[in-house]
Each structure stands twice: as structure tokens, then as C-alpha cells.
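Please read it alongside the sequence and the coordinates.

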Amino acid sequence: PLLVLLLTALEGLGCLAPVAFGFNPVPTDVPPLFDVPVWSLATLNADGETTNLNLLTYASPVSIRPDRQYALGLFKQTLTYENLARGDGQLFVLQLLTERHIPLVRILGGTSGRDGDKMRACTQMEPGLAPIDLEGLECQGGGRRLPMVLPGCAHYLVLSTSGDLIDGGFHDTAICRVEQMLKKDEEYEANSEPYLSTGRLRELGIITEAGRIADE
């Protein structure tokens, strides 16, 4: 009771005002600046032969049993979304980029696969990062063709969709089952860069605080 009386008296004198009422949130267009991994999603185009690549930061693990699953946020106006939305049982590959892939970020995230061949553009930008056939990494696609991937990624997650896409307005959410996981071999890993993060891209001025590719 004595403590309550003391606090009441202090509040009456305005002594607690800075603590109780001094916090005034203001509107902002900048989301919480989390530092999250930067991925690229490789999907097969409608011809079943050519590969499209994009940049993806909306990726999160959501379960480990009975299936390991990831949730992916996909912007509806992209070729990647179109490829996943076909629902033809294809496999696709979520690739965890490293700092080695920084020169490719503007191609992967700032251009559309409808306007040009991203695989060719990546090869022209960095010949040492020309896309490769994932079967060369001893991945089993269960008879289903796999898209090509970028070499030197920290991890490769071979995925399939688990059910229909979840409508989210401009973005849909795909719940994906992990069919297989691959990583760099120990010899390669000992001489490679850390995985790429959004914090690093903001630091380099490649993406804005709003999460978009910055103007050059």
C-alpha cells in the first residue's frame, strides 16, 4: 500500500510522465531491419527445360516432423510464381547464396525472367558462376527433371509444394516439403565465403531499408 501511494503521488507530480507517457511511436515505411539469409529459388519454366532464377528473402522453416517444410513468400507478378503455381508436381531448388554471389544480386532480384535469360546474364556477369546441373551433385530427382543451380551455394534444398498456394494478396505463401538437402563438401567449404544476408546487402547499398533493390 505504501508503494502504491508513493507511485500515485509521483504520478500526480508528473515525475512518472517520461516513463509512462513519453513513448510516442511514429509512422514509418521501413520494416524491422532483420538480418535474414538471402536465397535464390530455381524453377523450371513451362517448357520443362529452361531454368528461371530469382532472389528470395521470404523463406522460413516451419516444421521438421513428419516432414521438414519451408514457407516461401512469392510475389504474384513474377515468372517464379507462375512456375510454382502450375501445380505439375515439379521439383525446385532453394539455394542459400554466399557473398561470392553478390555480383549477381541485381540480376536475380532486379530483373524479370520474362524480359531475358537470367542464367545467361549471370554467366556473362561472372563466368565462374555459370549455372550447373544439380544432378552433378548426386541429387536424386525421383525421375523428375531438376532446374539448374548456381555453383558455390552454402546449401541446396530440393523442394516440392505441399498443397495449394495460400492467397496473401500481392504475395502468396507456398508451403514446401524438403525432398533432399545438399551442402558444399568440406574441402570447398573451408575456402568459401559466409552465407549472404540482407544486412550485408544493406551495408553495400544494394538493397534499401524497405527491402528493394536500390537504384545504381
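Leaving aside neighbours within four places in sequence, Leu97 is in contact with Val38, Trp39, Ser40, Leu55, Leu108, Leu150, Cys153, Tyr195 and Leu196, where contact means heavy atoms within 4.5 Å. A second, separate core of 18 residues includes Ala59, Leu84, Leu159 and Ala174, a nonpolar core being a set of buried Ala, Val, Leu, Ile, Met, Phe, Trp, Tyr and Cys residues joined through side-chain atoms within 4.5 Å. The largest nonpolar core has 27 residues, and Leu97 and Leu108 are those with the most contacts inside it. Two or more residues of this core come from each of helix 4 (105-110), helix 5 (118-125) and strand 8 (155-161), and helix 4 provides the largest share, three residues.

This is a predicted model, in which local features need pLDDT of at least 70 and side-chain atom pairs count only at pLDDT 80 or more, whereas totals for chains, interfaces and linings use all residues. Residues are numbered from 1 along each chain as its sequence is written, and side-chain values use heavy atoms, with hydrogens and water left out.

The protein chain contains seven helices and ten strands, helices (H or I, at least four residues) and strands (E, at least two) being DSSP runs numbered from the N terminus. Of its 216 residues, 37% are buried, and here buried means under 20% relative accessible area, exposed over 50%, and partly exposed in between (1.4 Å probe, protein chains only). Among contacts between residues at least 6 apart in sequence, 65% join residues at least 24 apart.

Cys153 counts as buried because its relative accessibility is 0%, and Cys176 counts as buried because its relative accessibility is 0%. A search of the whole structure finds zero disulfides, a disulfide being a pair of cysteine sulfur atoms within 2.5 Å. Ala85, found in helix 3 (residues 79-85), has 40% relative accessibility and therefore counts as partly exposed. Although Ala85 and Ala174 are 89 residues apart in sequence, they are 9.1 Å apart in space, C-alpha to C-alpha.

The backbone also deserves attention. Most peptide bonds are trans. A cis peptide bond, with omega about 0 degrees, joins Arg65 and Pro66, and Pro66 lies in the loop between strand 3 (59-63) and strand 4 (69-75).

Grid points are joined across faces, edges and corners, and a volume is the space filled by probe spheres set on the points. The search finds one cavity of 30 Å³ or more, and its lining consists of Leu84, Gly87, Asp88, Gly89, Gln90, Phe92 and Thr161.

| Space | Volume | Lining residues by class |
|---|---|---|
| Largest cavity | about 40 Å³ | two nonpolar, four polar, one charged |
| Largest pocket | about 1,100 Å³ | 18 nonpolar, 16 polar, four charged |

In these classes Ala, Val, Leu, Ile, Met, Phe, Trp, Tyr, Cys and Pro count as nonpolar, Asp, Glu, Lys and Arg as charged, and the others, Gly among them, as polar. Of the 38 residues that line the largest pocket, Leu55, Thr57, Tyr58, Gly211 and Arg212 are the closest to its centre.

Terms used: 1 Å grid on protein atoms, 1.4 Å probe; cavity = no way out; pocket = protein on both sides within 12 Å on 5 of 7 lines; lining within 4 Å.
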